[in-house]
Amino acid sequence: MAIIVNLDVVLAQRKMKVKDLAEEIGLSVVNLSILKQSKAKAVRFSTLEAICKALDCQPGDILEYVPDEN
Amino acid sequence: MKVVRNLFWVVAIVTVSILYTRYVPADSKAAFIVSMVILSIFTFHFAIRKSLSFKSYFLSPVNFLSGKFASKTSYDIPIDLMFEKALEVLEDTKFKVQHSDSKSFEIFATTNMSWQSWGENLYIDFTEENGKTIMNFHSVAVMQIHTWEKNRKNSEHLINTIEDSLII
C-alpha cells in the first residue's frame with residue numbers, strides 16, 4: 001500500500017483513544033479502525049477534515065505516501 | 001439465462017396447477033392429504049425458521065422446498081473488523097439480526113414476509129484464507145422452491161453496501 005495512514009501515531013501523540021475520536025467525529029469505531037489499518041477504499045474530505053479538527057493536525061500528519069518497492 | 005430459468009418455473013407452476021385441479025377433485029381424500037402435507041411443512045418451517053439449531057436443515061441440499069443461494073467474497077480486512085462491519089451494515093438493511101457470535105464469527109439474520117417472498121434466512125460466517133477474510137454468505141427462502149433471483153439480489157445488495165461503507 002503506497003498510502004500509509006498514521007492515525008495511530010497521531011492518536012498516541014495526543015494520548016487519545018480510537019473510541020474517543022470516533023465519538024467526537026461521529027464515526028463508528030469499526031470504520032475508524034479500518035481507516036487506521038489503511039484498509040479503507042477511500043477517505044472523504046469531510047472525514048479528513050473532522051479528524052484534523054479533532055486532533056488539531058494537518059492531513060499530511062495522518063496520510064503519508066511511501067513508494068512501493070516493486 | 002435468468003429469464004429462461006424464471007420462464008421455466010412459471011410454466012412448471014402453471015402446468016402443475018392445471019394438472020392438479022384437472023385430475024384431483026377438490027373434495028377428494030387425495031386433495032385433503034396434499035393440502036395437509038403442504039400446510040404441515042409450511043407451519044413447521046415457520047415454527048423453526050428463527051432457530052439457529054436448524055441451520056443445517058435449511059442449508060441442506062435435501063431440503064428442496066427452500067430455495068438457496070451461496071456466495072463467497074474476499075476482503076483485505078482483518079476478520080474481527082469484517083465481522084463488526086457486516087453487523088453494522090446489516091443494521092441498516094431490512095435484515096433483522098437474530099444471532100451473532102464474535103468468537104465463531106457467525107451471523108444469523110432474517111427478513112419478514114413480503115409480497116415477493118415468505119421470508120428469508122441469512123447465514124453469514126467468516127473464515128481466514130491466505131491472510132484474507134472470506135465472507136461466506138448463504139441465503140435461504142423459507143418456503144419457496146424458486147426465489148426469482150431475490151436471494152442473489154439480496155447478496156449483491158449486501159456486498160455492495162459493504163463495499164460502499166468502506167469509503168470512510
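Select B:Gln144 to begin: its relative accessibility is 11%, so B:Gln144 counts as buried (under 20% relative accessible area; exposed is over 50%, partly exposed in between, with a 1.4 Å probe and protein chains only). The model is predicted: local features need pLDDT of at least 70 and side-chain atom pairs pLDDT 80 or more, while totals for chains, interfaces and linings use all residues. Residues are numbered from 1 along each chain as its sequence is written, chains are lettered from A and ligands numbered from 1 in the order in which they are written, and side-chain values use heavy atoms, without hydrogens and water.

B:Gln144 belongs to the loop that runs between β5 (132-141) and α5 (150-165) of chain B. Helices (H or I, at least four residues) and strands (E, at least two) are DSSP runs, numbered from the N terminus. Beyond its neighbours within four places in sequence, display the contacts (heavy atoms within 4.5 Å) of B:Gln144: B:Leu65, B:Ser66, B:Gly67, B:Gln116, B:Ser117 and B:Trp118.

Next, select B:Glu120, which is 24 residues from B:Gln144 in sequence and 9.4 Å from it in space, C-alpha to C-alpha. B:Glu120 is part of strand β4 (residues 120-129) of chain B. It is buried because its relative accessibility is 1%. Residues that B:Glu120 touches, leaving out those up to four places away in sequence, include B:Arg49, B:Thr111, B:Lys150 and B:Asn154.

**The interface**

Now show both chains: twelve residues of chain B are in contact with 15 residues of chain A. About 1,300 Å² is buried between the two chains, 62% of it on carbon and sulfur atoms; this is the accessible area (1.4 Å probe) that two parts lose on being put together, summed over both. On the chain B side, select B:Leu81, B:Ile167 and B:Ile168, which lose the most area to chain A, together 52% of what that side buries.

Two salt bridges are counted between the chains, each a side-chain nitrogen of Lys or Arg within 4 Å of a carboxyl oxygen of Asp or Glu. One of them joins the side chains of A:Lys39 and B:Asp76 at 3.6 Å, N to O.

**Helix α1 of chain A**

Finally, select helix α1 (residues 7-14) of chain A, where A:Leu7, A:Val10 and A:Leu11 are buried. These three lie on the same side of α1(A) because they cover an arc of only 100° around the axis, taken from the directions from the helix axis to the C-beta atoms. A:Ala12 and A:Gln13, on the other side of α1(A), are exposed. The cover over the buried residues of α1(A) includes β1 (3-5), α2 (18-25), α3 (29-36), α4 (45-55) and α5 (59-62) of chain A. The tour ends at A:Lys15, which follows α1(A) and has a positive phi, near 55°.
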